[in-house]
Amino acid sequence: MMYGHEESDSAIRAKKSANNITETVVAELMEQRAEAKGKTIAPTTRRTQNRESVSPGLDRLRKAVQEKRNEKFTTLLHHVDVDLLTKAYHWLKRDAAAGVDGVTWQAYGVDLQAKLADLHARVHRGAYRAQPSRRRMIPKADGRERPLGIASLEDKIVQRALVEVLNVIYEAEFLGFSYGFRPGRGQHDALDALATGISRTAIRWILDADIRSFFDTVDHEWLMRFVEYRIGDTRVLRLIRKWLKAGVMEDGVLKATEIGVPQGSVISPLLSNLYLHYVFDLWAHQWRQRHARGHVMIVRYADDVVCGFEHEEEARAFLADLTVRMGEFALSLHPEKTRLVKFGRYASQNRESRKLGRPETFTFLGFTHVCSKDRQGKFLLERRTRRDRMRVKLKEIKEKLRRKMHASIPEQGRWLGKIVRGYFAYHAIPTNSRALKAFLHYVTDAWRRTLRRRSQRDKVTWETMTRLARQWLPMPRVLHPWPEPRFAVKHPRWEPSA
């Protein structure tokens, strides 16, 4: 609860009685949240960013967005001032790789205010020039490589500042089942929504849709048309076009970019969300309202889409219509990775009665989703770490351990402890304990092999490694709550129709 500034904290505490405390707690629990559109399960969620660092200008813009839902905003660039550029610089990752300009975060920080003042002047008078991204190939879990575009530092700063402004507009537009790269939302929010939808509704079929090479096939003309629907500031539109057409530098050769958005740039997640908002989200929401007779669940995180259906015929109709819809906007579904899977609380019984074995599984955001049963024999959704992702992570750890072979044991232990804690922070969810124990075992074994290679006489036993692991590595334990209670806390009001 918020109190006035007239009284001191001690005076307020003195006035509080037991009844006042109870009333305060009840009042806080009864506070309403802003309503959001198109929810996956529940109708509300946090729609805006933390306002501690929001400028008064952006706060006024937010109010204008709420009052003028369908109007274009023709004057936006003035919000990108020196103060916002300064905040954008400090929001960037300090250890990120440098772009084609070779400028690091630390180097740009020397005489920072003068550089940002010059950058601000160039942006507002139209003299700012976007630089091409430096292409870097990142290995994927399936053995292939993903192209990553590393922008120059000044491009990152301007993009980050503009994203802060555009988020104010588009956070009021995006639907509730969109979770990727949005303020106040994360991967576990999408996982919770998916798990709650499968467990609490009569979902019998899962559509695991994979958009083929989405980031590389985004059509620039369609994207700009979507942006221009709400943005009328020609200077902002010119900036976005500059970043889209800046090209990529690969092996010293500049290549033009006629389609796609560079993965790794600061503004790409917002542009990608914007593209799929008009291509998929609005269309899927309308399809659900017009054609669905049974339960339909939708969860999207960036280009990862999972939909749940109660009726098979509706699932197949949605897939057919979605294929056509994607083709209209220069996108396509991967024919091998897009699957319709019988899944849910009745899948095990149906397959057992037909002697077909266990139900099929599907993956989402690094976890394999499995139909299982709890100790009482009731349906239980198990989520397990993808084996291929774990193998890639363990391979990366082994390679780095070789380079740290001759470091001291405390130094190795501190480094490994940080790696394992970071891994557990994401993967330590209920029903995944076995994978956590396996990961810790393989990391400990890799450490043991590394120590034994340091000397031919060094015979490190498992008893020694067990002691070192207990000293330096965290023990595997579940860190995240069950998805349904956490989802209910974040979305307290329930609407069955959602």
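Tutor: Before we start, helices here are DSSP runs of H or I with at least four residues, numbered from the N terminus. Keep in mind that we're looking at a predicted model.

Student: Okay, so which helix is arginine 122 found in?

Tutor: Helix H6 covers residues 112–125. Arginine 122 is found in that run, so its helix is H6.

Student: Is arginine 122 buried or exposed?

Tutor: The cut-off for buried is under 20% relative accessible area. Arginine 122 comes in at 17%, so this residue counts as buried.

Student: Roughly how is H6 placed relative to H7: parallel or perpendicular?

Tutor: The axes of H6 and H7 (residues 153–170) come within 12 Å and cross at roughly 70°. Angles of 65 to 115 degrees count as roughly perpendicular. That makes the answer for H6 and H7 roughly perpendicular.

Student: Switching to rings, how do phenylalanine 367 and tyrosine 426 pair: stacked or edge-to-face?

Tutor: They make one of the 21 aromatic pairs in the structure. Their ring centres are 5.5 Å apart and their planes sit at 25°. Planes under 30 degrees apart pass the cut-off, so the pair is stacked.

Student: How many residues apart in sequence are the parts that this pair ties together?

Tutor: Phenylalanine 367 lies in strand E10 (residues 367–373), while tyrosine 426 lies in helix H16 (residues 409–427). Both residues are buried. The pair ties together parts whose separation in sequence, in residues, is 59.

Student: Tyrosine 423 is in H16 too, so which helix holds its partner phenylalanine 439?

Tutor: The rings of tyrosine 423 and phenylalanine 439 are stacked, with centres 3.7 Å apart and planes at 5°. Tyrosine 423 counts as buried at 7% relative accessibility, and phenylalanine 439 does too, at 0%. The pair ties together parts 16 residues apart in sequence, and the helix holding phenylalanine 439 is H17.

Student: Is valine 341 buried or exposed?

Tutor: Valine 341 lies in strand E8 (residues 339–342). Leaving aside neighbours within four places in sequence, its contacts include Trp205, Ile206 and Thr361. Its relative accessibility is 0%, so valine 341 counts as buried.

Student: What distance separates the C-alpha atoms of valine 341 and proline 359?

Tutor: Along the chain, these two are 18 residues apart. Between their C-alpha atoms, the separation is 8.3 Å.

Student: Last one: what share of the protein do buried residues make up?

Tutor: The protein has 19 helices and 11 strands. Out of its 498 residues, the buried share is 48%.

Notes:
Residues numbered from 1 in each chain as written. Predicted model: local features only at pLDDT ≥ 70, side-chain atom pairs only at ≥ 80, totals over all residues. Heavy atoms only, no water. Phe/Tyr/Trp six-rings, centres within 6.5 Å; stacked < 30°, edge-to-face > 60°. Helix = DSSP H or I, 4+ residues; strand = E, 2+ residues; numbered from the N terminus. Buried < 20%, exposed > 50% of the residue type's maximum accessible area, 1.4 Å probe, protein only. Axes fitted to C-alpha atoms, helices over the stretch in contact; angles between N-to-C directions. Parallel < 35°, antiparallel > 145°, perpendicular 65-115°, else oblique. Contact = heavy atoms within 4.5 Å.
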